[in-house]
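Here are a few exercises to work through with a structure on screen. Take a look at it first, then try each task before reading its solution.

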Amino acid sequence: MAERKIHITALSVFSCLAVVCLHTSKFWTFTKSIGWIASNAVESFFYFAVPVFLMISGATLIDYRERYTTAEYFKKRINKTVIPFLFWSAFSMVFSFWINNSFPTGFNLFDIINSIITYKYSRIYYFFMILYGIYISIPVISLIPKESRQKCFLYIMLTGFVVNSLLPFVPVITNDKISHNANFSFYVCSGFLIYPIIGYYLNNYKLSGKAKLTVLLLGFAGLLTSFTATAILSWRAGEIVDKYKGYLSVPGILYSSAVFLLFKMIPFERFPKFVLKAIQFFSGQTFGIYLIHILLLRLFGKVFDYSFFNPIMRLVLAVILFVLSGIIIKILQKIPFVRRIVP
């Protein structure tokens, strides 16, 4: 495991585990209890997962022109993500019919297409549409000359953050006393595009000690704000108030950026060899784990009632699902034809 890639590999594995932890959490079932507060803590702590995956895409793909052509770039993206997405979306549809013991009548091709593009039978696959939007944007971003990227990307990140995230967040923190005009937007960096830019920047450029400390402190503030504000507002309302959640919210961007930077700063090369071997083992299965863990979770719920699990037991369940999914994917990857759907 090359030293310069250890933090990316570790981030990929830890983010995948975080995704599983989010899906076993009971956060979205609100109750006025210590258990829900703990679930909110779990949700807040692991909330970086999706943003960090997008950061990794930026860190590893924006320089793709140094390795292969744009045609090859798209071919690799199709083989690695589009084919598995289509297969597992179809499989999830059939799986849902089976597990719910309900096979619809009059089901046609249009229903199948709509179910895939709207991830009807596996809601967590929404991530793919975001990812594909990033993929088709990267060839344009990659045309920015390397000698201009540091200043250009810094401008894109800061302006995108202020205009597209901070300004829309003002009504939230002022209880709508100050409004936001959505017509004013930094269109160059709309939506989730800010994350691959951040990932590339943090991965390739050296920050000063003061800058690192600032990013980490702001990240901690983002985590604390997301957890505390959500807990207080939800408790008062008697239902979940998610104004301080959202991957493009100020707390979400600050926290996710800090997690990425923190992993880059961790000296993984000093870790025990068995830890590095475990990271290396699961690094080859992260995408497959994402694809199938939710199916295993639904199957587990079919045969065993885990609704009474406390937050600690749900974290244990997440680890079990993560490991079990990884083992299954590792086996499937050894089968010549099947490996195309679990790259």
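**Exercise 1.** Decide whether Y68 is buried or exposed in this predicted model.

*Solution.* Start with the number: Y68 has a relative accessibility of 15%. Buried means under 20%. So Y68 counts as buried.

**Exercise 2.** Y64 and Y68 form a ring pair; work out which kind of pair it is.

*Solution.* First, look at the ring centres, which are 6.1 Å apart. Pairing needs centres within 6.5 Å. Next, take the planes: they sit at 25°, so the pair is stacked.

**Exercise 3.** Now try Y125 and Y290: how are their rings arranged, and where do they sit in the chain?

*Solution.* The centres are 6.4 Å apart and the planes make 35°, which is a tilted pair. Then find the two residues: Y125 is in the loop between α5 and α6, while Y290 belongs to helix α12. They're 165 residues apart, and the pair links distant parts of the chain. Y125 is buried at 1% relative accessible area, and Y290 is buried at 8%. Both also belong to a cluster linked by ring pairs, with F53 and F287 among the other members.

**Exercise 4.** Describe how helix α8 and helix α10 run relative to each other.

*Solution.* Their axes come within 10 Å and cross at roughly 30°. That makes α8 roughly parallel to α10. For the handedness, α8 passes α10 in a right-handed crossing. Finally, check who touches: the contact includes I198 and L202 of α8, and I253 and F260 of α10.

Conventions
Residues numbered from 1 in each chain as written. Predicted model: local features only at pLDDT ≥ 70, side-chain atom pairs only at ≥ 80, totals over all residues. Heavy atoms only, no water. Axes fitted to C-alpha atoms, helices over the stretch in contact; angles between N-to-C directions. Helix = DSSP H or I, 4+ residues; strand = E, 2+ residues; numbered from the N terminus. Parallel < 35°, antiparallel > 145°, perpendicular 65-115°, else oblique. Left-handed = near helix turned anticlockwise from the far one by under 90°. Contact = heavy atoms within 4.5 Å. Phe/Tyr/Trp six-rings, centres within 6.5 Å; stacked < 30°, edge-to-face > 60°. Buried < 20%, exposed > 50% of the residue type's maximum accessible area, 1.4 Å probe, protein only.
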